[in-house]
Amino acid sequence: MSAHGHIARRRGWCPGVRRPMATGDGLLVRLHPFGGRLTAGQARLIAEAARQYGNGHLDITARGNLQIRGVSDDTYPDLLALVDRESLVEPEGEGPNRLTVLSPLAGLDPRDRCDTLALAQAIENAAHAIEGLPAKFFVAVDGGGSMPLDAIGADLHLVATGEDAAMAFGVPSSNGLHGIGAASLARAPEAVHMILSGFAAMRRTGRTETRRLRDLQPDLLRELAERAALEPCPAPRRRPMAPRAGAMPLEDGQAVLLALPFGRCSTGQLDHAAAWSERFGTGEIRLSFTRGVMLPDIAGHHVSSLIDEAGRTGFITDPSDPRLSLLACPGKPDCAGAMTPASADALRIAKACTGLLAQGASLHVSGCPKGCAHPGKADLTLVGRGDGRYDVVPNGSSRDAASLHLSVDDLMTRLLPLKTLDDLRRAFPGSPR
């Protein structure tokens with residue numbers, strides 16, 4: 001099977017295994033394992049496939065998926081056959097490759113208020129066959145625990161409230177999640193099906209042209225909430241942002257989140273993670289929406305050894321590492337849609353604001369307005385332009401209006417003297433409209 005027949009249709013769609021995307025470094029093949037879970041054996045197989053059939057570069061995405069880069073038309077059929085044997089190929093069809101996104105701690109987090117793995121599977125079963133859902137559409141299933149999904153940019157968010165086993169339903173807004181109602185845990189899959197099928201029907205009948213539920217007109221959104229018989233519900237409590245690296249306590253043992261600069265993972269690092277999962281844990285790897293790798297069920301006395309070895313192989317293990325505040329997509333030349341070398345520019349710009357990043361200020365550098373590396377807000381978002389400069393969006397996302405248009409050198413000149421977040425806000429005034 002050749003990839004050529006699919007390439008022309010991939011603009012604006014999320015690539016998969018059956019439907020790869022042509023990029024600047026060849027075909028991009030994206031795997032969507034349910035819950036981001038892989039066995040050590042599957043991880044090794046993917047690493048070897050990336051070496052044999054791609055260019056050896058892997059990415060972990062902001063939805064916890066895994067990308068194999070640099071695949072050619074000649075090597076693609078063999079790669080497809082290999083991952084198909086491991087049941088890592090998405091279902092047939094033109095809709096979302098995987099409908100739900102979870103915390104990598106799903107099923108393990110002692111703070112979760114429901115079984116998110118079971119709920120997500122029930123939602124997949126109930127809604128995956130709905131015709132007319134755009135391929136980028138997805139639902140965040142949040143148990144209310146240690147790793148909130150508020151900033152992941154889902155079309156629909158479900159958050160466990162802990163009150164009468166209720167799930168709050170919300171959509172992203174400029175001020176966080178906007179609640180649209182609630183349903184019992186038992187009714188949640190049916191309610192999701194009603195909302196999604198209603199949205200698909202609105203698109204088929206021409207009542208809306210929007211491709212994302214989060215962008216739907218308020219009156220139509222209310223109509224969908226009524227269709228799903230959602231009950232009134234207060235907005236879910238705000239929680240601290242999800243940790244991006246380090247050890248996290250579980251009821252039995254710990255989970256260790258290993259971060260990767262820009263989500264770029266070498267095949268050697270994936271091999272190491274597979275070996276550590278067997279040596280220190282249960283042989284399971286979980287891909288995180290924070291663009292890192294989580295190893296669950298690590299005995300406490302093994303954590304320091306694992307973190308030490310991971311640090312020596314290029315993983316970020318310190319949750320205070322300033323690189324965790326730096327977000328960027330591959331950019332040119334790896335991505336054909338990028339207008340700037342986002343990753344390289346991000347590293348240059350970061351040298352001018354190391355102190356700000358160490359304080360937790362977030363910097364997002366995107367090669368184009370799609371904002372694949374980070375769908376949410378950042379303290380400073382830079383969006384690549386065709387002239388090589390960047391649109392500057394203070395306290396906003398790549399989809400928001402820019403206040404300035406600056407070159408990398410001009411950005412560094414402005415950033416270099418800044419010491420605090422207040423300095424950053426004064427140097428880059430204005431907010432997205």
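Helices (H or I, at least four residues) and strands (E, at least two) are DSSP runs, numbered from the N terminus. The model is predicted: local features need pLDDT of at least 70, side-chain atom pairs count only at pLDDT 80 or more, and totals for chains, interfaces and linings use all residues. Residues are numbered from 1 along each chain as its sequence is written, and side-chain values use heavy atoms, with hydrogens and water left out.

Leu230 lies in the loop between α6 (218-227) and β11 (246-249). Its relative accessible area is 14%. Leu230 is therefore buried. Buried means under 20% relative accessible area, exposed over 50%, and partly exposed in between (1.4 Å probe, protein chains only). Contact means heavy atoms within 4.5 Å. Neighbours within four places in sequence aside, Leu230 is in contact with Phe169, Ile180, Gly181, Ala182, Ala183, Ala191, Ile195 and Ala225. Ala191 is 39 residues away from Leu230 along the chain, yet their C-alpha atoms are separated by 7.5 Å.

Helix α5 (residues 188-204) meets α6. Their axes come within 8 Å and cross at roughly 135°. This angle makes α5 oblique to α6. Axes are lines fitted to C-alpha atoms, for helices over the stretch in contact, and angles run from 0 to 180 degrees between N-to-C directions. Angles under 35 degrees count as roughly parallel, over 145 as roughly antiparallel, 65 to 115 as roughly perpendicular and the rest as oblique. On the α5 side, the contact involves Met194, Ile195, Ser197, Gly198, Phe199 and Met202. On the α6 side, it involves Leu220, Glu223, Leu224 and Arg227. These residues divide into six nonpolar, two polar and two charged. Here Ala, Val, Leu, Ile, Met, Phe, Trp, Tyr, Cys and Pro count as nonpolar, Asp, Glu, Lys and Arg as charged, and the others, Gly among them, as polar.

Two strands pair if DSSP finds at least two bridges between them. Val141 stands opposite Leu158 in β8.

Three bridges join the antiparallel strands β4 (residues 57-60) and β5 (residues 66-71). Asp59 has Gln67 in β5 as its bridge partner.

Strand β19 (residues 390-396) is mostly covered, with six of its seven residues buried. β19 pairs with β18 (residues 378-384) in the antiparallel sense over six bridges. Val383 stands opposite Asp391 in β19. The hairpin of β18 and β19 has five residues between the strands, and Gly388 takes a positive phi near 90° there. β19 also pairs with β20 (residues 404-406), in the antiparallel sense over three bridges. In β20, Leu406 is the bridge partner of Tyr390.
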